[in-house]
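Visitor: I have just opened my first protein model. Could you show me how to read its features one by one?

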Amino acid sequence: FLSIDWGRVVWDSSQWADFPWKIVMPLDEQWSRNPTFLIWEYVVFFNTILSLVHAARNGSWYMTIWIAAFVAGTANDCFFMALNIVDNFWQAQATVMLTPRLPLYICCTYNQFMYWAYVAAYNGPACWSLLQRSMAAGLLAELWYAPYDIAGPKFLWWTWHDTDASIRQRLFGAPCGSSMWVIIFMAWFFFLLNWYGGENAESGSISWKNGARTVGVASLAVVPMMMEHFISQVLVLSPGLPTVGALVTLVCVYCVTILVGPSRTTPYRRLPEEARGISQLAGRVHFAVLVAVFVLGTPEAVVSTGVHQRIIDSGHNHELDLTGAFLKSLGLSHSTFWRDKTLLRGSFDEPFTLDCLPAQQGNSTELWYTVCGRSMDSAISHDTNLNCGFAYVVVQALLGLVGLMALDAVRSWDIDQQDSSGGMRIHARFLWRKVAGAIVKWD
């Protein structure tokens with residue numbers, strides 16, 4: 001039931017020749033069109049350099065993770081762009097593009113949330129089992145990713161189309177399906193790397209030959225396994241659609257498993273983390289900039305150009321989405337799981353408008369055109385609306401604070417002696433002490 005068109009992603013002159021895209025866009029041109037996007041793009045580049053330095057300081061296993069995050073993340077992005085029945089995110093033209101639909105900073109974004117979440121979970125309590133550690137990595141990745149997922153659509157770094165059922169329900173602008181995907185994708189990524197890496201993961205050392213195999217296994221296996229996990233979660237929880245309730249249930253299941261799930265009978269061995277200050281710097285820069293975007297940015301002044309769905313003035317052009325196609329293949333009811341292959345003018349409610357001035361459109365084609373931003377207080381019918389810039393600042397600041405605390409606390413939990421059942425216990429008072437300490441130190 002899967003229809004794949006790799007021409008949507010890779011260079012294909014028959015599909016991309018008419019797009020007036022630029023491999024490199026002048027900085028001043030991007031500043032005049034979307035200044036927050038320009039700033040964020042280079043913040044991501046800066047933090048990617050920090051993660052590389054951190055990986056190099058910590059040895060071959062960390063370098064393997066750094067590379068695997070790039071490869072697996074980029075492969076996932078390309079796969080879902082090429083998959084006709086998903087293909088529901090539309091990147092804006094950045095200053096450095098690999099294809100008309102793939103900015104370089106997106107590859108670096110995967111590296112960021114996957115690498116730093118992995119590092120924190122890898123250095124977590126030694127009593128955690130692989131399952132607990134994997135679920136912790138998924139939740140930590142979402143804490144890193146969520147503020148970005150809120151800011152991006154609001155300032156048109158990319159756009160969603162709510163004519164796709166799988167991304168219609170939003171929480172502060174971020175689709176619930178996107179948040180669920182990050183959690184599950186990262187959990188499987190961590191699980192596969194440590195399951196296949198085995199002793200290499202615990203020793204912190206790996207040969208380049210085995211490292212290449214480990215990257216390959218994680219990159220090739222994580223996509224179908226993530227799809228299977230995501231579909232099963234959605235079918236059980238919603239049913240079928242990623243909603244706020246489904247997201248909350250998923251988070252609760254992961255949290256309960258981490259706190260009371262089966263632990264290791266022997267402590268997890270790993271090398272001490274070097275250059276931890278680099279990860280703290282990366283986190284503070286990441287969250288601080290995403291708060292500043294809402295303090296200083298004006299989304300109604302933003303224009304964003306890139307590849308989009310073809311605009312039509314009447315009718316619909318429906319096809320089943322991924323969940324619908326899966327249900328149909330099983331002979332189950334699938335009538336509500338559809339997506340539009342085109343964008344019907346006036347049928348969507350998003351943080352952008354098609355009513356741009358002619359001077360803002362520039363060189364447009366049927367699939368390459370400019371959209372314009374809407375003000376911060378514009379209500380979105382399918383979203384949890386905050387309706388003012390200050391509320392977004394508060395949400396971003398809280399997410400940043402919780403994210404920094406969690407990334408620090410997971411790596412700092414004290415471990416008590418083994419209990420009578422042979423497992424390891426982490427006392428709540430230790431957890432509270434570390435969280436409180438993180439709050440005091442965060443300035």
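Guide: Let us start with a definition: a residue is buried under 20% relative accessible area, exposed over 50%, and partly exposed in between, using a 1.4 Å probe and protein chains only. Of the 443 residues of this protein, 57% count as buried. This is a predicted model, in which local features need pLDDT of at least 70 and side-chain atom pairs count only at pLDDT 80 or more, while totals for chains, interfaces and linings use all residues. Residues are numbered from 1 along each chain as its sequence is written, and side-chain values use heavy atoms, with hydrogens and water left out.

Visitor: How many helices and strands does the protein have?

Guide: Helices (H or I, at least four residues) and strands (E, at least two) are DSSP runs, numbered from the N terminus. Here there are 15 helices and 13 strands.

Visitor: Is Gly124 buried or exposed?

Guide: Gly124 has a relative accessible area of 2%, so it is buried. Look for Gly124 in the loop between helix H5 (104-122) and helix H6 (130-154). The C-alpha atoms of Gly124 and Ser412 are separated by 7.2 Å, although these residues lie 288 residues apart along the chain.

Visitor: And is Trp208 buried or exposed?

Guide: Trp208, in helix H9 (residues 208-237), is exposed, with a relative accessible area of 60%.

Visitor: How do I read a sheet?

Guide: Strands of a sheet pair through backbone hydrogen bonds, either parallel or antiparallel. Two strands count as paired if DSSP finds at least two bridges between them. In this model, three strands form an open sheet in the order S7-S13-S12, with antiparallel pairing. Strand S7 (303-307) and strand S12 (352-353) stand at the edges, each with a single partner strand, so one side of each has no neighbour in the sheet. S7 pairs with strand S13 (residues 368-373) over five bridges, in the antiparallel sense. To see this pairing, find Thr305, which stands opposite Thr370 in S13.

Visitor: How many disulfides are there?

Guide: A disulfide is a pair of cysteine sulfur atoms within 2.5 Å. A search of the whole structure finds zero.
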